[in-house]
Amino acid sequence: MNATLVRRLILMDLYLMRWPVAGSLLAGSVAIAMMPLGAVSSYVGSVCLICVLVILNIVLVMTFIVQEKKDKVQIFMLSLPVSTTQYTAAKLLANATAFAGCWVALTIAVVAVIDASALPNGTLPFLLAVLAYLLMYYCVLLAVGLASDSAGWHATVITIGNVSVNFLIPWLWSRPSIYQNRNSPFAVWSGDIVAVLAIEIAVAMAALGLALYVRSCRTDFV
Amino acid sequence: MSTSTERLHALDAVRAFALLLGVVFHAGFSFIPGLIPGLWAMTDNSPSSTIGVLLFTAHIFRMSLFFFVAGFFARMLFHRGGARGFWVNRSKRILLPLVAGWPIIFPAVAAVWVWGLTRTFGGTLPAAPANAPAPPPGAFPWTHLWFLYYLLVLYTIVLTVRAAWLAIDRGGWLRRATDASVRWLVHTGATAVVIALPVALALFFRREWVAWFGIPTPDHSVIPELASLVGYGTALSFGWLIHRQADLLNVWARQWTLHLAGALAGTAVCLSLAGIAPVFVPIATGGVKLAFALAYSLSIWCWSLAILGLATRFLSHANGTIRYVADASYWIYLVHLPVVVALQVAVGRLPLHWTIKFPLILVVSLAILFTSYRYLIRSTFIGQLLNGRKYPRSVPRVLPQGNGDPHRPNLTTPEQRPLATLSGVHKRYGKTVALAGIDLEVRSGELLAVLGPNGAGKSTAISLWLGLLEPDDGKVHLLGGSPLDVESRRHVGVMMQEVGLTPELRVRELIDLTASYYPNPLTTAQTLDVTGTGPLADRLYAKLSAGQKRQVQFALAICGRPRLLFLDEPTVGLDIESRSTMWRAIRTMIGEGCSIVLTTHYLEEAEALANRVAVLAGGRLIACGSVDQIRSVVSRKQITCSTTLTEEQIRTWPDVVGVRGDAGRVEITVVDSEDVLRRLLASDQSIRDLEVRRAGLAEAFIEITREAA
């Protein structure tokens, strides 16, 4: 694979994604800054942070992958001396870099704020599991965006992804290891939290792998 | 995929894979669990079930796959050089290595064997067992070179059958029926099932069949083994048949997942029946034997077709490394056995795990074998013998555009060679036929106008040339390679009919970015100048009008200084000045040697620019030739004049095809202009402004497409 070509495609996409990413970083930072200000603002800040990451997820995938396919930008790109593998790799890497960069920055900020503030460190595993879920949700949507042209599939994944967060949070919170340690000054990494994190990462990787496979089998792009 | 002058990179790779897999097979043999001491030169002290499964799987298909490819290439050779050329070539490439190689390789193998057995049995050679079976009739220790002998035997059989076949089938109907049956079979996806049956029967009815080792290795007698003959003969004959319709390989390229699934399932069944560890005694006749024979034969062909499909799909392009390995693989296979076995003997008693010893044997032996090929064979008469050519000591790294083979003479001059071809291409969208067996080529330095009504297949043809679509059947070539080859597309410019560009970028940024994908692009200033897009340079693409967007798309198509330019209805939506600018740019590019494929609905555009015109309708090529040739298809002429005669009067005359009138002037389309002219002059003394002209491209196009409909 021609690394220069792929790098150029990635840089172009990152350039185009600069405003959504910058906006998300700003909004996410504000949300995190609200967390140590009190019980209500902690709740509001957490919800805002989740919303920021969900919106960024949908904007990145729907605008820079799905919409590009609809606008036939993909056909133009594939008519250039660019192979489908190079194009797919570039799209995946650019999109994932933009989201993951934002996600990592905001996650580090969350950890730093919890560690430095009066917020109990016992909530850290819970927050990380929720944030990892959002990363998994992004990977699944990215995979479906890359592999499928069906608006129905995109809408289904977005709906399930958005709704399922509402079930995940109370379910995670009710885990004994999280609930009992919520006010602990130390983060307790119990077996079920580690399992949840491992499943989230595995699903994310599997979704991306499957998308690349499906995409590699595709031969018609018009 | 072509079978005429182009090298078949995918099949070269498959043949190399099968041969190198043989090296892996032999390298792992000493690690097979339960190996009886004395059966192989060395029984390693660290056996491995993993290697057992690996070797079992590899051994299922490697030789059948090799014989299939051999059959394919044999027919190609036969049809290139005739019977005499075929046998001369085979004598050099097969018979001579066998006759000259065996006397060297056999003693080397025997010496290593003696060394190995001596070590295995604690320093002394074991005595021959008292109940050792008598040598078979015609006993001869071929060693692993038996495949050369079998190739010669099978070539003889196939050519004899072919001669008999031709004598019976003088009208060719039997061949057509066979081809049709093979084509149908391949398209159904059931090839493996049908082709496995003769092998399965031959194995099942073989007495004393050591099932774990599949098709018996016929390395000990000059009298051919029936089961081996059927197994490998089926493969070679099937390869021969497939060469008659080489495009069927593309069907397997689409079916590879199906065949791979079948191969894995079949192999799993075989292992469950025969066990992971080898069994060195014959399988008892019964249901298990039948099930094993069926599963094993099915696995042979599922593996073979999956690998052929994968190679066709992913390795059809010229690749210097694969080419080198393919050339080296024949030499490596011929001489590998003493090297590999010597290494097995050397490490067989070391207190190391097989995960260290097996890779060590492979790496060291391949290093020795590749080095010997590089320095002793490739540039010598032996290389000439084995590879068909002697490579110079230093070979240019860059393959030429043509056939990807630096040593194969080009049979045509660059001017004569088509830059892009569609050969027998079919393409459907669901039930809609977009192209139905199109043959079309683009020649160097020409502008080929592709005309046709909406839905004729023009844009589909361009998409196929660009690799955006895959043909259901037939061959597509672009600049001597596959349309999927990025290297070929570096010399191609494209303006598609319906594309989007990144709306957030400015025109200058789009040109900069697009030009950066090409090796020798125009500067941005040159591109803007040639296409008249200078005033748009700093505007956002999203803010441009539809016509301006087309201008920018044209600029992007030419900014890479292409050798071949595809323009799909480029002037739709352009104003007159922009169209003139584009025509001027197109003429300049043709003058500089660029070839252009232009699809358009504006026939005056084709008439003004094209050297050649191809007319498509209903997915078929219904006319192709120069503009004059196409016009001459319509023998009609048009007479225009001012007359007092009415349209109705004229319409009734013989040879008048149509009449159209407007304000005292009539336009008469005629078949024989002289007779109609005489009658006009006789009927109307006051006739004025008389003009006769030949039918234009528009009339010809309408006539041709109407007839086709």
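In this predicted model, Ala449(B) touches Leu598(B), Thr600(B), Ala606(B), Leu609(B), Ala610(B) and Val613(B), leaving aside residues up to four places away in sequence. Ala449(B) belongs to the largest nonpolar core, which has 141 residues. Together with Phe566(B) and Leu598(B), Ala449(B) touches the most other members of that core. The largest share of the core, 20 residues, is supplied by helix H6 (residues 124–147) of chain A. Chain B contributes from two domains: domain 2 (418–628) and domain 3 (634–708) both give residues, so the core lies between them.

In chain B, four strands make an open sheet with the order E11-E12-E10-E13, and their pairing is antiparallel. Strands E11 (656–662) and E13 (688–694) of chain B are at the edges; each has a single partner strand, so one side of each has no neighbour in the sheet. On average, neighbouring strands of this sheet are turned by 15° against each other, direction ignored.

The pairing of E11(B) with strand E12 (residues 665–670) of chain B is antiparallel and runs over six bridges. Within E12(B), Thr669(B) is the bridge partner of Gly658(B). In general, the strands of a sheet pair through backbone hydrogen bonds.

A helix also lies across these strands. Helix H22 (residues 673–683) of chain B lies across strand E10 (637–642), E11, E12 and E13 of chain B, and H22(B) runs at about 15° to E10(B).

How values were computed:
Residues are numbered from 1 along each chain as its sequence is written. Chains are lettered from A and ligands numbered from 1 in the order in which they are written. This is a predicted model: local features need pLDDT of at least 70, side-chain atom pairs count only at pLDDT 80 or more; totals for chains, interfaces and linings use all residues. Two strands pair if DSSP finds at least two bridges between them. Helices (H or I, at least four residues) and strands (E, at least two) are DSSP runs, numbered from the N terminus. Axes are lines fitted to C-alpha atoms, for helices over the stretch in contact, and angles run from 0 to 180 degrees between N-to-C directions. Two residues are in contact if their C-beta atoms, placed from the backbone, lie within 7 Å. A nonpolar core is a set of buried Ala, Val, Leu, Ile, Met, Phe, Trp, Tyr and Cys residues joined through C-beta atoms within 7 Å. A residue is buried if 20 or more other C-beta atoms lie within 10 Å of its own, exposed if 12 or fewer, and partly exposed in between; C-beta atoms are placed from the backbone. Domain bounds come from an automatic or database domain assignment.
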